[in-house]
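This report describes how parts of a protein chain pack together in a model.

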Amino acid sequence: MLHGKRILLIVSGGIAAYKSLELVRRLRERGAAVRCVLTRGGSQFVTPLSLAALSEDKVYTELFSLTDEAEMGHIQLSRDADLLIVAPATADILAKMAHGQADDLASTVLLATDKDVMVAPAMNVRMWEHAATQANLETLRQRGVHVVGPEEGDMACGEYGLGRLSEPDDIADAVSNFFQSSAPLSGRRALVTSGPTHEPIDPVRYIANRSSGRQGHAIAVALASRGAATTLISGPTSLPDPPGVTVVRVESARDMLAACEAALPADVAVCAAAVADWRVAEMASEKLKKNGAGPPALEMAENPDILASLAAASNTRPGLVIGFAAETEQVVEHASAKRERKGCDWILANDVSPETGTFGGADNTIHLVSADGVEDWPRMTKADVANRLADRIAKTLETNE
Ligand code: C5P
């Protein structure tokens with residue numbers, strides 16, 4: 001689960017460099033953005049074009065490149081990353097790192113960075129076992145560099161032993177674990193509802209609303225990327241299931257409540273779903289027909305309030321219960337009253353009057369109503385709302401501990 005993570009992958013020169021292409025794919029599949037630096041040696045084995053195509057970004061090769069320095073200085077390359085990975089890491093680049101040499105772009109970036117660095121060594125078994133390499137590795141370990149592999153096996157040079165580059169999936173796992181263990185919501189469980197609900201009228205018709213699920217899905221991603229084991233309980237949406245999140249798809253409000261209860265216990269519950277307030281009391285078992293007697297009278301029944309139920313649960317109440325209030329007027333006043341009525345901790349109030357374009361749109365303006373008062377957030381994308389909320393949740397759970 002690497003959503004929102006930016007990785008600078010340094011590919012140095014060894015036969016295992018071909019596996020770096022697979023590594024780019026694996027990291028991107030997990031949601032990371034990958035930018036590559038290719039050493040001169042590395043470019044003997046893979047081309048900048050292959051890395052650029054797979055990373056969908058420019059590949060950096062030269063230290064003294066006029067255009068690169070103008071567009072993106074070598075310092076900026078490391079500033080923009082959350083983690084630097086050297087894969088494969090040759091004996092040569094490990095030596096340069098250990099000794100602080102900076103004579104090409106890769107080694108300069110590695111010396112200039114203040115970010116975490118992970119290396120995946122790959123070399124001939126004799127080079128690996130050499131006292132110089134082992135001493136360099138020890139120096140790097142002591143400085144906090146994370147080392148993945150190498151593995152034992154047949155080598156391209158015909159020998160057998162330690163020195164094979166770890167498999168791309170294993171390196172990607174190490175990257176995930178790195179972010180997981182340093183993640184602020186690691187060890188926490190989160191529950192998020194999202195999307196509309198569909199309330200059946202008969203086997204082919206239902207009552208629904210225009211919720212896209214974008215805000216709820218973005219919140220699930222933001223919580224998961226901070227290490228929370230996240231269950232997303234989603235009504236029908238056209239959005240794909242976000243990776244790294246357990247997705248439970250439901251249709252009606254009653255199904256959504258049952259799925260929420262099944263997902264407990266949780267440290268935090270965020271109810272972002274636009275749950276239908278009413279359902280048709282008795283769903284018709286056959287399609288309703290026009291039989292000349294005029295339109296059918298639909299008797300309605302009230303749906304359970306999921307947010308209120310979670311907030312009222314005696315033993316299983318999540319430590320933090322958060323709801324949304326979509327209002328079209330007197331936004332904060334109504335939201336504060338809703339917070340009291342539903343017994344939740346925070347309400348994220350937003351104005352969904354048609355001229356705001358919030359419902360189904362990309363942006364949102366939030367007023368966070370809590371026991372401490374009201375906090376007005378500037379208008380921002382739903383992804384930014386999700387990230388700000390997730391950070392806020394992490395801080396609050398830590399303080400409440
Ligand atoms: O009462 P209202 O629908 O405005 O409340 C909105 C908040 O309550 C949202 O967080 C929504 O997810 C939640 N809700 C719920 N179950 C309902 C109705 C609303 O969880 N039946």
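What covers the buried residues of α5? In this predicted model, the cover includes the strands β1 (6–11), β4 (83–89) and β5 (116–121), together with the helices α6 (105–112), α7 (125–129) and α8 (131–142). Helix α5 itself spans residues 91–99, and its buried residues are Ala91, Ile93, Leu94, Lys96, Met97 and Ala98. An α-helix has 3.6 residues a turn, so residues three or four places apart point the same way. After α5 comes glycine 100, with a positive phi near 70 degrees.

One of the covering elements, α6, contains serine 107. Serine 107 counts as buried because its relative accessible area is 3%, and buried means under 20%. Leaving out residues up to four places away in sequence, serine 107 touches Lys96, Gln101 and Ala102. Lys96 is also among the buried residues of α5.

The table lists two of them.

| Core | Number of residues | Residues included |
|---|---|---|
| Largest nonpolar core | 33 residues | Ile219, Leu223, Val270, Ile322, Leu348, Leu389 and Ile393, which have the most contacts inside it |

Several elements each supply at least two residues of the largest core, including α10 (214–225), β17 (320–327), β18 (346–351) and α14 (382–400). Setting aside neighbours within four places in sequence, leucine 348 is in contact with Ile322, Gly323, Phe324, Ala325, Ile366, His367, Leu368, Val385 and Leu389.

Technical notes: Residues numbered from 1 in each chain as written. Predicted model: local features only at pLDDT ≥ 70, side-chain atom pairs only at ≥ 80, totals over all residues. Heavy atoms only, no water. Core = buried A, V, L, I, M, F, W, Y, C linked by side-chain atoms within 4.5 Å. Buried < 20%, exposed > 50% of the residue type's maximum accessible area, 1.4 Å probe, protein only. Helix = DSSP H or I, 4+ residues; strand = E, 2+ residues; numbered from the N terminus. Contact = heavy atoms within 4.5 Å.
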